[in-house]
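Please look over the chain shown below before reading on. The report that follows is meant for someone meeting this structure for the first time.

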Amino acid sequence: MPVTENTPIPPGALPVGFTEGQRLFAGWAARMAAGGEFSASTVETYSAIWNAWLRWLAARGLGWLDVDALTIQAYLEGPSPGLAHHRPALRADRMANYTQQRYWRVLRAVYAEAVRSGLLVSCPVLDVPEGDRPVIALS
């Protein structure tokens with residue numbers, strides 16, 4: 001059976017750093033919620049986004065600490081992971097611009113937390129060239 005981002009990952013098969021990534025997210029989200037910046041529903045949504053990212057990486061044999069700008073761009077330019085609590089994607093082959101921007105912001109914030117906590121020296125999300133970062137065009 002091929003491994004995809006929707007394939008359940010048995011605990012013994014988790015890539016190195018997977019649970020560390022979940023712990024980092026949980027600490028960051030708890031700090032943001034305690035400061036009044038996030039509601040419980042925001043934490044739930046952002047957790048789903050972060051875990052979709054971790055599963056996407058795991059399906060490719062990658063760890064979250066080892067990503068680069070090209071990996072992040074490939075994820076954001078691909079299909080939406082189809083979070084269970086959201087409506088189906090409008091396009092099966094690519095995330096909507098708004099979805100890309102939301103995912104990019106979550107990745108940027110969590111990787112910034114990894115830098116703040118000393119796990120990383122720099123934030124790989126910020127290595128995505130400015131012109132390739134997701135934006136919502138105003139018409």
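The text below moves from the whole chain to one helix, its aromatic rings and its packing.

This is a predicted model, in which local features need pLDDT of at least 70 and side-chain atom pairs count only at pLDDT 80 or more, while totals for chains, interfaces and linings use all residues. Residues are numbered from 1 along each chain as its sequence is written, and side-chain values use heavy atoms, with hydrogens and water left out.

**The chain as a whole**

The secondary structure of the protein chain comes to four helices and zero strands, where helices (H or I, at least four residues) and strands (E, at least two) are DSSP runs numbered from the N terminus. Read from the N terminus on, the elements run α-α-α-α. Of the 139 residues in the protein chain, 38% are buried; buried means under 20% relative accessible area, exposed over 50%, and partly exposed in between, with a 1.4 Å probe and protein chains only. Among the contacts in the protein chain with a separation of 6 or more, 58% come from residues 24 or more positions apart, a contact being heavy atoms within 4.5 Å.

**Helix H2**

Helix H2 covers residues 40-59, has 20 residues, and reaches 28 Å from its first C-alpha to its last, close to the 28 Å expected at 1.5 Å a residue; the expected span is 1.5 Å times one less than the number of residues. The buried residues of H2 include Thr-45, Ala-48, Asn-51 and Leu-54. Val-43 also lies in helix H2, but Val-43 is partly exposed, with a relative accessible area of 22%. Not counting residues up to four places away in sequence, Val-43 touches Phe-25, Ala-29, Ala-33 and Phe-38, and the C-alpha atoms of Val-43 and Ala-29, which are 14 residues apart in sequence, are 6.1 Å apart in space. After H2 comes Gly-61, whose phi is positive, near 70°.

**Aromatic pairs**

A search of the whole structure finds eleven aromatic pairs. Rings of Phe, Tyr and Trp (its six-membered ring) pair if their centres lie within 6.5 Å, and planes under 30 degrees apart count as stacked, over 60 as edge-to-face and the rest as tilted. Two of the pairs are set out here.

| Pair | Distance between ring centres | Angle between planes | Kind |
|---|---|---|---|
| Trp-50 and Tyr-111 | 5.6 Å | 65° | edge-to-face |
| Trp-53 and Trp-56 | 5.7 Å | 10° | stacked |

Trp-53 and Trp-56 are three residues apart in helix H2, so about one helical turn separates them, and both are buried. Elsewhere, Phe-25, Trp-28, Phe-38 and Tyr-46 form one aromatic cluster.

**Packing of H2 against H4**

Two packed helices are described by the angle and the distance between their axes. The axes of H2 and H4 come within 10 Å and cross at roughly 85°; axes are lines fitted to C-alpha atoms, for helices over the stretch in contact, and angles run from 0 to 180 degrees between N-to-C directions. H2 and H4 are therefore roughly perpendicular to each other, since angles of 65 to 115 degrees count as such, under 35 as roughly parallel, over 145 as roughly antiparallel and the rest as oblique. The contact is made by residues including Ile-49, Trp-50 and Leu-57 of H2 and Arg-102, Val-106 and Tyr-111 of H4. The residues of this contact divide into ten nonpolar, one polar and two charged, where Ala, Val, Leu, Ile, Met, Phe, Trp, Tyr, Cys and Pro count as nonpolar, Asp, Glu, Lys and Arg as charged, and the others, Gly among them, as polar.
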